[in-house]
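Visitor: I would like to learn how to read the helices of a model like this one. Please take me through it.

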Amino acid sequence: VHVHNPVLTFIIMTGHAAEHSYSEIIEAGAADYLTKPFEISELQAKIQRLERERRITNLLKSSNEALARESQLNAAMAELSTALIASVPVEQISSLVLKNAKELTSSSRGCVLGMPHRHGELSLTAASDALDTISDFQGDSVGCARCQSLRDLFLKDRRPLLENRPESA
């Protein structure tokens with residue numbers, strides 16, 4: 001029974017190479033093969049090639065993950081930009097921010113706190129529980145202890161917890 005394990009790399013060494021084709025050996029899961037007798041330098045060269053291939057594969061995997069993350073961020077920004085351009089209500093934008101923040105952080109919980117200009121106080125505009133549902137809140141209603149502590153910190157210091165300002169401003 002053949003079991004493929006991508007972590008294990010092995011080289012088949014055989015004295016009967018004529019009994020198997022190269023493609024059969026590779027299909028069986030080997031990375032390469034040597035026929036006996038062989039020189040140590042030949043084995044070293046194959047090991048070095050396999051190490052190079054593993055490094056390149058890891059680099060490609062990391063690059064693909066970074067590109068996927070960038071694509072995810074771009075999609076979130078596009079969705080939020082579309083909502084902002086369309087002048088949707090703050091509650092809907094808060095829900096979009098919450099949904100995208102949860103997806104981008106792989107979190108099941110979150111909250112969006114906002115400060116309406118007319119009130120001057122921090123209010124919870126969207127929150128979610130562990131069941132991945134989004135609830136909208138108005139005014140002083142705060143759904144989770146973490147959101148409550150952030151709100152309390154803001155009300156105490158009267159300074160923004162995080163600002164989104166262009167650097168030129």
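**Reading the helices**

Guide: Start with burial in helix α2: Leu43, Lys46, Leu50, Ala76, Leu80 and Ala83 are buried. Buried means under 20% relative accessible area, exposed over 50%, and partly exposed in between, with a 1.4 Å probe and protein chains only. Helices (H or I, at least four residues) and strands (E, at least two) are DSSP runs, numbered from the N terminus. This is a predicted model, in which local features need pLDDT of at least 70 and side-chain atom pairs count only at pLDDT 80 or more, while totals for chains, interfaces and linings use all residues. Residues are numbered from 1 along each chain as its sequence is written, and side-chain values use heavy atoms, with hydrogens and water left out.

Visitor: What do the buried residues of α2 pack against?

Guide: Contact means heavy atoms within 4.5 Å. By that rule, the partners are β1 (11–14), β2 (32–35) and α3 (90–105).

Visitor: Why does Lys46 count as buried?

Guide: Its relative accessibility is 17%, so Lys46 counts as buried. Leaving aside residues up to four places away in sequence, Lys46 touches Ile11, Asp32, Tyr33 and Leu34.

Visitor: At what angle do α2 and α3 pack?

Guide: Two packed helices are described by the angle between their axes and the distance between the axes. Axes are lines fitted to C-alpha atoms, for helices over the stretch in contact, and angles run from 0 to 180 degrees between N-to-C directions. Here the angle is about 175° and the axes of α2 and α3 lie 10 Å apart. Angles over 145 degrees count as roughly antiparallel, under 35 as roughly parallel, 65 to 115 as roughly perpendicular and the rest as oblique; α2 and α3 are therefore roughly antiparallel.

Visitor: Which residues of α2 and α3 meet?

Guide: Among those in α2 are Arg69, Leu73 and Leu80, and among those in α3 are Ile93, Leu96 and Glu103.
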